[in-house]
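Here is a brief report on a predicted model. Please look at the structure, then read on.

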Amino acid sequence: MNVDQTKSQFVAVASIAAELSAVMDVAKEISLAAANAKAIAFRAGEKAKGFQPITDFINELAKETIDLVETINEHALSLYQLTVDEHRMTEAYKRFEEVSVLAVGSAYEDSLQAPMANSHQKMLECKRDFKLNVTLLLDQLAEVMHPARAARVIAANSRIEASQAGEYLQSLQAVAESVDNAAQVIHDNVQRCRSALSIVDLIE
Amino acid sequence: MTSIYDGPYQWIMFGRDENKPENIIDTNQYMVRTSNRCLLIDPGGVELFAPMLAAALHYAPVEQITDLFASHQDPDIISSLGLWDQALPDAKLHASALWEGFLRHFGCETIEYVPISDNGGTINLGEVELQVIPAHYMHSSANFNIYDPQAKILMSGDIGAALEPAGTPMFVDNFDIHVENMRFFHQRWMPSNQAKRVWIDRVRELDVDILAPQHGRMFKGDDVKRFLDWFEALQVGIAV
């Protein structure tokens with residue numbers, strides 16, 4: 001792996017943490033919007049009867065997203081540590097190769113073989129673990145897309161239900177709009193995480 | 001590579017690396033080699049790891065490099081730690097207890113960190129027991145020298161250091177001329193006249209034949225006393 005690839009890897013893994021933090025904020029906003037919608041639907045009474053179960057569903061989706069992002073965040077942190085480890089192991093092995101050239105003819109050059117082989121093995125293990133974790137993280141990110149997509153469908157249903165809520169129409173439509181926007185933001189952020197990881201995944 | 005003591009064990013000095021990049025400071029590294037163990041004193045920065053280990057392999061197999069010592073925390077002293085950590089999983093690093101949390105940033109997962117208290121201590125290598133002499137604030141806030149009473153060598157870290165061009169001789173040959181190579185370094189890097197006086201008093205109690213700094217030339221015989229006298233008269237901490 002060359003210097004630019006190593007940099008890309010560090011930047012990609014760090015940017016995932018930033019994107020996920022934004023996803024978490026948006027999911028919390030959805031949860032707040034759900035609570036707000038519930039209060040409006042309660043005040044609207046019969047006129048917003050169809051809206052009430054939707055608010056519970058929105059809240060569940062927000063919670064599901066928050067839980068998933070928390071788990072993914074832990075994995076992203078592990079991935080960052082693996083990136084550091086892999087960088088250290090690769091760097092160490094590269095230096096051992098330099099030593100083996102410089103030490104030719106020295107009395108104890110053979111003693112370098114064991115630590116060098118050990119370093120090579122550790123480097124390969126780190127690369128393997130990194131790849132495995134990237135695949136795992138990609139799968140988890142795909143999972144976060146599901147509640148985001150479901151939220152967009154719910155937002156569409158919410159608009160229909162809101163249209164029957166009389167004087168509460170505007171408030172409930174605003175809720176539907178905010179859920180839709182939030183779901184779109186989550187979708188876009190997660191998509192960016194996946195793109196960044198896919199680039200890293202291709203680095204040999 | 002220069003042998004500076006050859007008795008029941010050896011002291012070897014490494015320095016004047018011709019392949020060192022121009023923009024990094026030249027450093028002296030020291031090895032104490034006993035029959036089956038080896039201590040590397042201030043093993044150097046990351047850039048120096050490969051030539052340092054390759055040079056060490058002329059004297060000892062990897063598995064007998066059992067101990068490292070860092071006089072203080074500077075990168076030219078010990079930023080190679082993360083690489084030694086991969087090469088010497090069973091080794092010990094002797095360094096100030098105060099610097100432990102900082103030095104671990106360089107990578108120290110397999111090497112055992114042996115913390116040295118402010119009062120100093122000893123490093124026993126079998127044939128020789130080295131004394132770890134406090135030299136705090138000279139220049140680092142937690143700073144140590146290594147003294148070998150048998151070989152009469154004091155490895156003095158940055159004390160006595162001079163920044164000179166590549167190819168400089170190993171020993172001071174004309175003290176009066178050499179003074180100008182040291183003056184600014186000591187005035188600017190050493191922060192405390194009080195700490196300096198304490199260190200000089202302590203070192204005058206020791207029988208020192210070679211004073212071996214981490215940069216520049218070593219002092220031998222009467223030049224050790226000349227250095228102490230010159231340093232005693234020098235005002236340090238000039239940047240304030």
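**Where the chains meet**

The contact between the two chains comes first. On one side stand 16 residues of chain B; on the other, 15 residues of chain A. Two helices of chain B, H1 (49-56) and H3 (81-87), each supply at least two residues of the side that touches chain A. H1(B) gives the most, with five residues.

**Chain A**

Chain A has four helices and zero strands. Along the sequence, the pattern reads α-α-α-α. The radius of gyration of chain A is 25 Å, whereas the globule rule gives 17 Å for 204 residues, so chain A is more spread out than a compact globule. The box tells its own story. Along the principal axes, the C-alpha atoms of chain A fill roughly 90 × 25 × 20 Å. Of the 204 residues of chain A, 32% count as buried. Now take the contacts in chain A between residues at least 6 apart in sequence: 84% of them join residues at least 24 apart.

**Two helix pairs**

Two packed helices are described by the angle between their axes and the distance between the axes. One pair from each chain is listed here.

| Pair | Residues | Axes come within | Crossing angle |
|---|---|---|---|
| H2(A) and H3(A) | 52-102 and 113-162 | 7 Å | roughly 160° |
| H6(B) and H7(B) | 193-204 and 222-233 | 10 Å | roughly 160° |

Start with the pair in chain A. The axes of H2(A) and H3(A) cross at roughly 160°. H2(A) and H3(A) are therefore roughly antiparallel to each other. The crossing of H2(A) with H3(A) is left-handed. By class, their contact has 28 nonpolar, 13 polar and eight charged residues.

Now the pair in chain B. The axes of H6(B) and H7(B) cross at roughly 160°. That makes H6(B) roughly antiparallel to H7(B). Their crossing is left-handed. Which residues make the contact between H6(B) and H7(B)? From H6(B) come B:Lys196, B:Ile200, B:Val203 and B:Arg204. From H7(B) come B:Leu228, B:Phe231 and B:Glu232. The residues of this contact divide into four nonpolar, no polar and three charged.

Key: Residues numbered from 1 in each chain as written. Chains lettered and ligands numbered in written order. Predicted model: local features only at pLDDT ≥ 70, side-chain atom pairs only at ≥ 80, totals over all residues. Rg over C-alpha atoms; globule rule 2.2 N^0.38 Å. Buried ≥ 20, exposed ≤ 12 C-beta atoms within 10 Å, placed from the backbone. Contact = placed C-beta atoms within 7 Å. Axes fitted to C-alpha atoms, helices over the stretch in contact; angles between N-to-C directions. Parallel < 35°, antiparallel > 145°, perpendicular 65-115°, else oblique. Left-handed = near helix turned anticlockwise from the far one by under 90°. Nonpolar A, V, L, I, M, F, W, Y, C, P; charged D, E, K, R; others polar.
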